[in-house]
Amino acid sequence: MGDKELKREFKAIASKDPDKYYATSVLKENGFMRKLCKCGTSFWTVNHDQKHCGDPACAGGFNFIGKGLVKEEMDYVGVWDKFAKHFQKLGYTPIKRYPVVARWRDDTDFVQASIYDFQPYVVSGEVKPPANPLVVPQFCLRFNDIDNVGITGAHFTGFVMIGQHAFMPPKEFNQDQYFRDIHSWVSKGLGLPNNEITYHEDAWAGGGNFGPCMEFFSRGLELGNQVYMQYEVLPNGEKKELNLKVLDMGMGHERNAWFAKASATSYEAVFPTVCKKLYSATGLKVDQNLMKKFLPYASYLNVDEVDNIDKAWQMVAKKVGISVKELKDFIQPLSGVYSIGDHTRSLLVALNDGALPSNVGGGYNLRVILRRALSFIDRYGWDIDYIKVAEWHADYLKNLFPELRENLNEVAEILKVEKTKYENTKQKSSQIVERLISSKEKIDSAKLMNLYDSQGISPEIIREEAAKQKIKVNIPDDFYAKVAELHEKKEQKHATIKKGKLDLEGIKETEGLYFDDWKHLKFGGKIVKMIENNVVLDQTGFYPTSGGQLHDLGTINSKQVLDVFKQGSVILHKLKDVAGLKVGKDVEGVIDKDRRKQLSQHHTATHIINAAARRILGRHINQAGAKKTMDKAHIDLTHYNSLTEEEIKKIEVEANKIVNEDIPIKKKFYTRDEAEKKYGMTIYQGGAVPGDSLRIVEIPEVEVEACGGTHLNSTKEVGEIRILKASKIQDGVIRVVFTAGRAAKKEEACQQDILNELCKELDCFGKEKLIPARADELFRLWKKVVKKKKEAEKKLVSTEEFDSSCDEIISKTCEILRTQPEHLVKTVMRFKSELDM
């Protein structure tokens, strides 16, 4: 049974016995009575003559605008301040928001509701919440309403969900009190008399859990929804009470601010200073009389909820008393202004929290809203500095989210790069559209989607180019929502977990002995299971292939270990020979020291390069994947541009500086809540980490990560780090390939041999060897020449472009080797097979 069906079924059950599932005693003591709306919803009101449930579809739209029902002056930031103080008096602890980039989860890119902060481990009862009960102003991102932003007056891509949460065993779960608390906010915090409040009986279902919920409305606006997560659906379809019941109240910060301000649109209440400056920059003047007539019906233009959007426009225009064209001419430029305001705020928070626009995953949707905002600026010819808009938001939100001002320079740089990419796309768009139109190919919604997804060409550009040829192109009203659905979260590409299918029923978790000291190379253990040549011990010092790191090798009772892998929480050792071994036998394991050291050097170096890159490139750097082998390693980093030679060198220098500081490396297990509280959410690098216990690897003042790999005891033990190359592997992700320790020395020797041979060939070697720094520089230059040559051979670039692009590289190489360009190219090509491309 799906969530919708489960919700519908449980709602019917709950409405038959409201006293069991809802806080009816609290409602009754406050004078509320139960009624049934024509839409089928049971609702509670103190008004004897009220016949509708208060939903805008039943109440005739929004009826609070200009009414001034909230007597106390509260701006957007002030709503949270008052809410937090109000609930603190009721025994709740206000906490800071979590990052909107949900790195602690593997099922989503962004936080979409306040309860996301606590899923899955707090909700399941495995981990303690940071406070209990608590309230939180959680910034969220959702992209299913992109096309509604600016039109309905109430939709956002980025919004704050004020969460009221409690995680209690059934006997301590006090639903009546939780409801009494939220009613006290509506009646005392907002100051609404009971005759202005309507409560809806409803149900919620998601992820196999479900329960009753109570929505609260006033004058057609839903202010919030208090969910009581109490039951779960078992695999056999039966329903049982949860061991931990959860209060999940989500209240729209934006909606409460809008209601308090009673302004024409929610945007003027949510970011008033930004709206004022955008009005000034665009020269738009809002016809308040027309807006007052339109807004009660704005909700009817929600593209998600109407079958025929054209008919909806006609209906609203008729009610307002003007033509559809006049209504659109009035609303659409305003929707552009509000979309620019909303989209910029969403990007500001997302980029500050470490996300990047790209053409994959959640970054794709960030690029969608950025380009949508830029297309509005282009369409109307507005003189708007997009980066300045981000600064305006950061200034207004400084008392709520002060962290947004700390990273503005980096956010600005990312937005500049994205603007350049957008402009480049526009330039190539005209040629592509021209060919498309001349071929007389049908330009329908599917074609528009394909062009946007594959080429990044916005439908507005296509429509404008087509109009020049007197061809009409219709853009679906839900175009951007459909585009947002195209890209879902991808798994980390370099997960090295080996998934086995061996029968391990009844076998306890293997105790790992490799966490504290990489030099722990001998250990004793007992055989608890044997499956062919696979041996399970009660404890082991052998590291299994996982987390991007290859396994240890060695011997168990002098039997050669060929492989070590993990199935669930059990570690298996594949032996070359198991003669003489049996279950219950005590054995001795010996780990190959050189292999363990090299893999540990590469793993610790991965953490160091991550930190070094963040210092050089900015706070947006996060690990997107990694792999550590004996010969070399690589780390995939989130970054918006390819790396320059100068940046590569700076990262290498910074990494070796950290190595030479001889910093002790701390390795310790914490409960998940302790780790998050002490170090924050940036501990999740390279993917979500399961379990209620996290091993934290800390290089003090440098890097802190949740990591289960083998690590050295000091940064000095890493030895020299040499970056071999850096390349862009996908939009928004670069791969840095490197070596460390003995592998770095081996690589250096190999490069020096090739350089020596080249220098001899060019008759410029003499008696002195090239110094390593210049050797590295030359080796990278060679790679560029070979890469350009390959591109020319594949006709990815013209021969002329190849010659031109190589001139600077050859000139620089000549400076190093003191030789002739034409001879150099021939010689470099002779050695191309030696280069690791």
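**Ground rules**

I call a residue buried when its relative accessible area is under 20%, exposed when it is over 50%, and partly exposed in between (1.4 Å probe, protein chains only). My helices (H or I, at least four residues) and strands (E, at least two) are DSSP runs, numbered from the N terminus. This is a predicted model, where local features need pLDDT of at least 70 and side-chain atom pairs count only at pLDDT 80 or more, while totals for chains, interfaces and linings use all residues. Residues are numbered from 1 along each chain as its sequence is written, and side-chain values use heavy atoms, with hydrogens and water left out.

**Entry 1: helix 13**

I began with helix 13, residues 324-352. Is this helix mostly enclosed or open to the outside? I found that 23 of its 29 residues are buried, so helix 13 is largely enclosed by the rest of the structure. Next I checked its span, taking the expected value as 1.5 Å times one less than the number of residues. Helix 13 should span 42 Å, and its end C-alpha atoms are 40 Å apart, which agrees. After the helix comes glycine 354, with a positive phi near 105°.

**Entry 2: helix 16**

Helix 16 covers residues 408-438, which is 31 residues. From its first C-alpha to its last I get 45 Å, close to the 45 Å expected. Where does helix 16 bend? The bend is at serine 429, by about 30°; here I compare axes fitted to the seven residues ending at a residue and the seven starting there. Lysine 440 follows helix 16 and has a positive phi near 60°.

A reminder to myself: strands of a sheet pair through backbone hydrogen bonds, either parallel or antiparallel. I count two strands as paired if DSSP finds at least two bridges between them.

Which residue in strand 2 is the bridge partner of leucine 36? That partner is serine 42. The two strands form a hairpin with five residues between them, and glycine 40 in the turn has a positive phi of about 100°.

Further along, strand 6 (residues 198-206) pairs with strand 7 (residues 209-218) in the antiparallel sense over nine bridges. Alanine 205 stands opposite phenylalanine 210 in strand 7.

Contact means heavy atoms within 4.5 Å. The axes are lines fitted to C-alpha atoms, for helices over the stretch in contact, and angles run from 0 to 180 degrees between N-to-C directions.

Another open sheet has four strands in the order 18-19-24-23, with antiparallel pairing. Strand 18 (623-628) and strand 23 (721-730) are its edges, each pairing on one side only. The twist averages 15° from one strand to the next. Strand 23 pairs with strand 24 (residues 733-740) over eight bridges, and isoleucine 721 has alanine 740 as its bridge partner in strand 24. Helix 20 (residues 593-617) lies across strands 18, 19 (633-638), 23 and 24, at about 135° to strand 24.

**Entry 3: salt bridges**

I looked for a side-chain nitrogen of Lys or Arg within 4 Å of a carboxyl oxygen of Asp or Glu. How many salt bridges does this rule give? The count is 33.

Arginine 596 and aspartate 552 meet at 2.6 Å, N to O. Arginine 596 sits in helix 20 and aspartate 552 in the loop between strand 13 (539-540) and strand 14 (554-556), 44 residues apart. Both are buried: arginine 596 is at 0% relative accessibility, and aspartate 552 is also at 0%.

Glutamate 654 and arginine 615 also meet at 2.6 Å. Glutamate 654 is in helix 21 (residues 645-660) and arginine 615 in helix 20, so this pair ties together parts 39 residues apart in sequence. Glutamate 654 is buried at 14%, whereas arginine 615 is partly exposed at 41%.

My last pair is lysine 728 with aspartate 731, whose closest N and O atoms are 3.7 Å apart. Lysine 728 is partly exposed at 42%, while aspartate 731 is buried at 10%. Shared partners join Arg367, Glu418, Lys421, Lys728 and Asp731 into one network of salt bridges.
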